[in-house]
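Subject: Structure handover

Hello,

Here is the structure I said I would pass on. My notes follow below it.

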Amino acid sequence: MKRLVEICFLGRGKVKSCEIHCSSFSKMGSEATLCVPKWGSEPSIMGIDEAGRGPVLGPMVYGCLYCARSYQKTLSTLSFADSKTLKEEKREELFEALKENDSIGWAVDVIDPRELSAKMLKKNKINLNEISHDSAMGLIDRVLKMGVLLTEVYVDTVGDAGKYEAKLSKIFPSIKFVVAKKADSLYPVVSGASIVAKVTRDRAVREWVLDETAENMHRNFGSGYPGDPQTKSWLKDHRHYIFGFPSLVRFSWGTCTTYFKDGAEVLWESDKDEDGGSNNQNGKRQLKLSNVGFTSKRRSDEIESSGKGRSRFFQARKLEHLAYF
């Protein structure tokens, strides 16, 4: 029985992962109906790792790899290693091999750069550690709901390892957790997850659709890390003093603020409040933003607008009227 797995690339650069873990499946749009692998009722282990936590460009990807505990010794012979220590060609080769292996399951959570920035800039901020924890827990929950009997989960730590382990154990009391630094170098099941996450992110960035229509746009953005001279040059060349950065950019990163010190001052007009009334006596509430391209720190539902008659570009960035320029 061949296990099919695919990555679905949606419009506007956003990536959505679709996992199909057996040959019998049905599909509704871009979603797949998952089914438990034949070994899923056996005690199973899982490894979790991420790729793209630090870059200012592209999505952050969390990946997991899981298999029956009885397969653990065989897993250690498959040449999995921390993805950062492998060349791209080797990562791709290992990824294709694990996709064809009926004894291994995997899943990814691809977090769009716009989602990262929106969460980190909202009124009640969600920091990157919380986003990471939620993603890892979401992967565990998805695999459990498939019917896989997870008994052990190995996680590369984010933040304090002890606190993270306690948090996971409280939410999933039936699972034994091992949270450790450099887990991707210590445990083959996490090494495999590292490869899944890294290859998925690399493909997402490589296939990203830059649908913004500014002149002279190009894809020579380097590694995407803030310290990369090529990345910094790309950010400088692709800033817009009113509209900010292309959708590929995590505009909440401190790296971006330096490019808008002399940007245009923008005032945002909020909608009416939930009761249908106005936010103040004038029926409007003006918020001054000092850095162009940043969404307001208010809740996203407070700044949603109907978008009628406006370009997709404006709607996607929650851009309102420019009152003064």
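Which side chain does Glu 152 meet in a polar contact? The partner is Arg 69, and the two side chains are joined at 3.3 Å. Please keep in mind that this is a predicted model.

Glu 152 lies in strand E8, residues 150-156. With a relative accessible area of 13%, Glu 152 counts as buried, because the cut-off is under 20%. Beyond its neighbours within four places in sequence, Glu 152 is in contact with Ser 44, Ile 45, Met 46, Arg 69, Ile 175 and Lys 176.

Next, the strand pairing. E8 pairs with E9 in the parallel sense, over five bridges, and Val 155 stands opposite Val 179 in E9. Between E8 and E9 the chain passes through helix H5 (residues 161-171), and this β-α-β crossover is right-handed. Strand E9 covers residues 176-180; four of its five residues are buried, so the strand is largely enclosed by the rest of the structure.

Then the nonpolar cores. The largest one has 47 residues, and those with the most contacts inside it are Met 46, Ile 48, Tyr 66, Ile 140, Leu 150 and Val 153. Helix H4 (residues 128-146) supplies the largest share of this core, eight residues. Leaving aside neighbours within four places in sequence, Ile 140 is in contact with Met 46, Ile 48, Leu 150, Val 153, Leu 168, Phe 172, Ile 175 and Phe 177.

Regards

Definitions and conventions:
Residues numbered from 1 in each chain as written. Predicted model: local features only at pLDDT ≥ 70, side-chain atom pairs only at ≥ 80, totals over all residues. Heavy atoms only, no water. Helix = DSSP H or I, 4+ residues; strand = E, 2+ residues; numbered from the N terminus. Buried < 20%, exposed > 50% of the residue type's maximum accessible area, 1.4 Å probe, protein only. Polar contact = N/O pair within 3.5 Å; in protein donor to acceptor, adjacent residues only side chain to side chain. Contact = heavy atoms within 4.5 Å. Pairing = 2+ DSSP bridges. Right-handed = clockwise from strand over helix to strand, strands pointing away. Core = buried A, V, L, I, M, F, W, Y, C linked by side-chain atoms within 4.5 Å.
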